[in-house]
Amino acid sequence: YLPDAAEIFEYLARAAGWTAKISDKGFFSKDTVQKLGGLERAVSTVKDPKKRAVIWKYLQARPKSALEQGEGGVFLSATDRWYLSLDDIAAHFGSEGEGTGFLDELLIRGVLHRGILLKCDFCRSASWYPLGAIGDGFLCARCRRDQKITSRSARRKEPAWYYELDEIAYQGFTNNMEIPLLALDVLRKRSKSFLYSEELEFRKPDDDRPFIEA
């Protein structure tokens, strides 16, 4: 039986009278790496300048206006997030075909989610709605009123697809998880045998807070 790295560190922590468990940042990293297909594929995505540019577009700073149709995406103040269309994503690639292929890959892996941007007829709040939350109508995320989807609520003649970065992946990249992943990949390439654990937090007996995260 070969335990994984996290089990080994948990065992060693117990031997010292401590406890060890995956941290919030560790969970963000672990979940995102699994969705991207493992450490090697995750690092490959981060190191590819075109793919990285798409992901980093979701992390860019908040614009000056509350709702801005900016160059390469839409920012909504209601969610404090950016949303990209296929054209926004394809603009980072040499062709629409490459952009579509990357989009499909991230959709299948659950790193991006498809939905539409809608504005409420009553409270005027604009928000992004995933496919599972809409039909012929939608329930406003702010005032909770049920209403039909019209050209007015869609902000154009018909709703257009916009893509949201998965929240766990967003939290992981916001916390710079790519840095330890790149370091781990270097160690992996130099090793004949390789095990690793995402960030763990260690606590001493009766402590409410971890004394270290590693």
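Of the 214 residues in the protein, 37% are buried in this model, which is a predicted one. Nine helices and 11 strands are assigned to the protein, and its C-alpha atoms occupy a box of roughly 65 × 45 × 35 Å along the principal axes. Among the contacts with a separation of 6 or more, 57% are made by residues 24 or more positions apart. The accessible surface amounts to about 12500 Å², with carbon and sulfur atoms contributing 51% of this area. Charged side chains comprise 33 positive and 32 negative groups, and the centres of these two sets are 4 Å apart.

Helix α9, which spans residues 178-190 and thus contains 13 residues, extends 19 Å from its first C-alpha to its last, a value close to the 18 Å expected at 1.5 Å a residue. Its buried residues are E178, L181, L184 and D185. These residues lie on the same side of α9, because the arc that they cover around the axis is only 115°. Such a pattern can be read against the geometry of the α-helix, in which there are 3.6 residues a turn, so that residues three or four places apart point the same way. On the face of α9 turned away from the buried side, the exposed residues I179 and R190 are found. The cover over the buried residues of α9 includes the helices α2 (24-36), α3 (39-47), α4 (49-57) and α8 (167-174).

Helix α8 was examined in the same manner. The residues A169, Y170, G172 and F173 are buried in α8, and they fall on the same side of this helix, since they cover an arc of only 165° around its axis. The packing partners of the buried residues of α8 are α2, α3, α4, β4, β9 (161-165) and α9.

When neighbours within four places in sequence are left aside, the contacts of D80 are with R62 and F75. Relative to helix α9, the C-alpha atom of D80 is separated by 26 Å from that of L181, a residue 101 residues apart from D80 along the chain, and L181 itself is one of the buried residues of α9.

Key:
Residues are numbered from 1 along each chain as its sequence is written. This is a predicted model: local features need pLDDT of at least 70, side-chain atom pairs count only at pLDDT 80 or more; totals for chains, interfaces and linings use all residues. Side-chain values use heavy atoms; hydrogens and water are left out. Helices (H or I, at least four residues) and strands (E, at least two) are DSSP runs, numbered from the N terminus. The expected span of a helix is 1.5 Å times one less than its number of residues. Buried means under 20% relative accessible area, exposed over 50%, partly exposed in between (1.4 Å probe, protein chains only). The arc is that of the directions from the helix axis to the C-beta atoms. Contact means heavy atoms within 4.5 Å. Accessible areas come from the Shrake-Rupley method with a 1.4 Å probe; for residues, only the protein chains shown count as cover. Lys and Arg count as positive and Asp and Glu as negative; His and the chain ends are not counted. The place of a charge is taken as NZ of Lys, CZ of Arg, CG of Asp or CD of Glu.
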